[in-house]
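Colleague: I would like to go through some strand pairing and helix packing with you. Please take the points one at a time.

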Amino acid sequence: MNKTHRCSGPLRPPAPAPLDAPLGPIASLRAMRRNALETYTKAHFEMPVLTGPSILGPTAVINDPAAIRRVLVDNSANYCKDSLQKRLLGPSLRDGLLEAEGSDWRFQRRTLAPLLTPKTVSAFAQAVNDSAETFVRRMERQCGQTVDIQTEMARVTLEVLGRTIFSDGLGRGVDEVASAMSRLLATVGRPDPLDILGLPDWLPRLTRLAARPAESFFASLVDTLIARRRRLLARDPSAVPQDILTLLLEARDPQTGAGLSKKQIEANIRTFIAAGHETTANALTWSLFLLSLSDEWREIVAEEADEVLSGPVEDYAARLVAARAVIEESMRLYPPAPSMSRQALGPDELAGKRIRKGTLILIVQWVLHRHRGLWEEPDCFDPRRFLPGPREKIDRYVYLPFGAGPRVCIGASFSMQEAVIILAHIARAFTFELKKGHKIMPVQRITLRPKDGMPMIVRRREPSRSPALPRSGIIRSVSSSPQKSG
């Protein structure tokens with residue numbers, strides 16, 4: 001068990017209450033359409049493995065770290081992406097790294113891995129910092145007003161994409177792209193009953209009709225990005241920015257020398273747009289909400305930012321220790337990708353349970369990160385867990401915001417650097433208060449979003465009147481200060 005200090009009421013953020021018993025088939029179908037987080041029982045948060053029939057067929061929900069390692073690493077060849085996941089994500093991502101399988105996945109992973117090396121990611125720090133500073137200047141004009149933080153975080157992360165992955169811009173306004181992404185997730189992120197029941201793809205999904213305008217928007221956006229960059233490459237290769245888009249177009253498999261196909265390039269651009277902004281924006285949204293519940297941690301992050309953000313930009317991600325701890329704790333409580341699934345190609349054994357061929361394997365970060373047997377005070381906000389020292393004691397397979405194993409998120413280090421720098425700038429400049437009367441509840445729409453947004457009042461931060469400790473002193477102090485039991 002990962003030991004941490006106890007927390008009290010105000011630091012216990014909102015979440016759906018676990019059920020006493022499983023729902024019946026019809027109620028399960030309705031709950032999965034409404035919010036999949038509402039389908040989990042108390043047993044899910046207490047047992048290492050739960051197996052049995054479900055509306056999705058034979059299912060195993062895995063919380064045991066050794067079993068998770070076996071599925072994702074040691075016996076990963078026996079566990080492929082399942083058909084429901086592929087249906088939910090749709091054909092637009094099917095040819096990309098996210099959904100590829102077997103030799104196709106290995107080819108794409110080898111080809112794309114050099115695009116996000118530590119050196120490349122570090123080189124993006126200045127662009128992230130510039131985007132954060134631009135956001136702060138824009139937000140200063142809205143002090144005293146209520147803004148939807150979810151929308152604002154989508155804007156700033158899209159601006160980062162426009163300075164890094166697609167450095168000559170997305171070709172569309174960030175508000176237009178953010179709105180299209182929200183519409184897309186609101187529709188494709190809700191499982192269609194025909195998908196849940198496993199009926200053939202050729203049967204029309206009426207619930208997906210609303211997604212078609214957003215899907216057409218992104219298809220047009222991607223075509224425009226590729227055509228514009230190819231024209232520039234043909235006209236003047238020396239003027240072409242060496243960003244992810246160029247690297248995608250020019251990428252070659254180090255083993256075979258082959259490049260990516262047109263469909264693979266298109267699917268991976270869509271993946272970078274979706275995953276490259278949506279998950280980071282959600283992590284920042286939940287982090288700002290959680291900081292609004294804790295005066296202590298809000299000031300710790302702000303004082304750390306006061307000190308660190310006056311130094312070299314390339315060192316920010318490594319030195320913003322408290323900001324990183326808040327981001328990581330936020331992704332524990334509200335994982336941007338709240339679940340992952342696989343299908344057993346053959347029989348196996350996981351944590352003493354027999355797994356039959358065809359069983360749907362669910363690794364649910366929403367459950368895993370709040371499991372009673374793996375975390376102390378699992379429902380509480382306590383970034384101390386992720387400070388140096390306690391962080392190293394967390395088992396690799398009980399905390400999976402970016403997955404694990406060969407298919408771990410290729411953009412994890414990029415996302416963490418981006419989130420940490422942006423959070424530090426915001427915390428140094430502002431405080432936030434949830435709009436009075438607004439109820440926060442997480443809802444699963446592929447990613448984990450706050451239902452009805454995150455309306456918050458923006459205020460300029462008033463510097464602390466108490467003498468500021470050096471950053472090392474802040475970390476030592478908070479690491480040794482126990483919280484009262486709730």
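Colleague: How many bridges join strand β10 to β11?
Modeller: This is a predicted model. In it, β10 (residues 442-445) and β11 run antiparallel. The number of bridges joining the two strands is 4.

Colleague: Which residue takes a positive phi in the hairpin of β10 and β11?
Modeller: The hairpin has 1 residue between the strands. The positive phi is near 70 degrees, and the residue that takes it is I446.

Colleague: Are the residues of strand β11 buried or exposed?
Modeller: β11 covers residues 447-450, with T447 and R449 pointing one way and L448 and P450 the other way. On either side the state is the one word: buried.

Colleague: Why are α7 and α17 described as oblique to each other?
Modeller: Helix α7 (residues 149-163) packs on helix α17 (residues 412-429) with the axes 12 Å apart. Angles of 65 to 115 degrees count as roughly perpendicular and those over 145 as roughly antiparallel. The angle of α7 and α17 is about 125 degrees. The pair is therefore oblique.

Colleague: What is the handedness of the crossing where α12 passes α17?
Modeller: Helix α12 (residues 262-292) packs against α17 at about 35 degrees, with axes 10 Å apart. Residues of α12 in the contact include G276, T280 and L284, and those of α17 include S415, E418 and A419. By class, this contact has 7 nonpolar, 4 polar and 1 charged residues. The crossing is right-handed.

Notes:
Residues numbered from 1 in each chain as written. Predicted model: local features only at pLDDT ≥ 70, side-chain atom pairs only at ≥ 80, totals over all residues. Heavy atoms only, no water. Axes fitted to C-alpha atoms, helices over the stretch in contact; angles between N-to-C directions. Parallel < 35°, antiparallel > 145°, perpendicular 65-115°, else oblique. Buried < 20%, exposed > 50% of the residue type's maximum accessible area, 1.4 Å probe, protein only. Pairing = 2+ DSSP bridges. Left-handed = near helix turned anticlockwise from the far one by under 90°. Contact = heavy atoms within 4.5 Å. Nonpolar A, V, L, I, M, F, W, Y, C, P; charged D, E, K, R; others polar.
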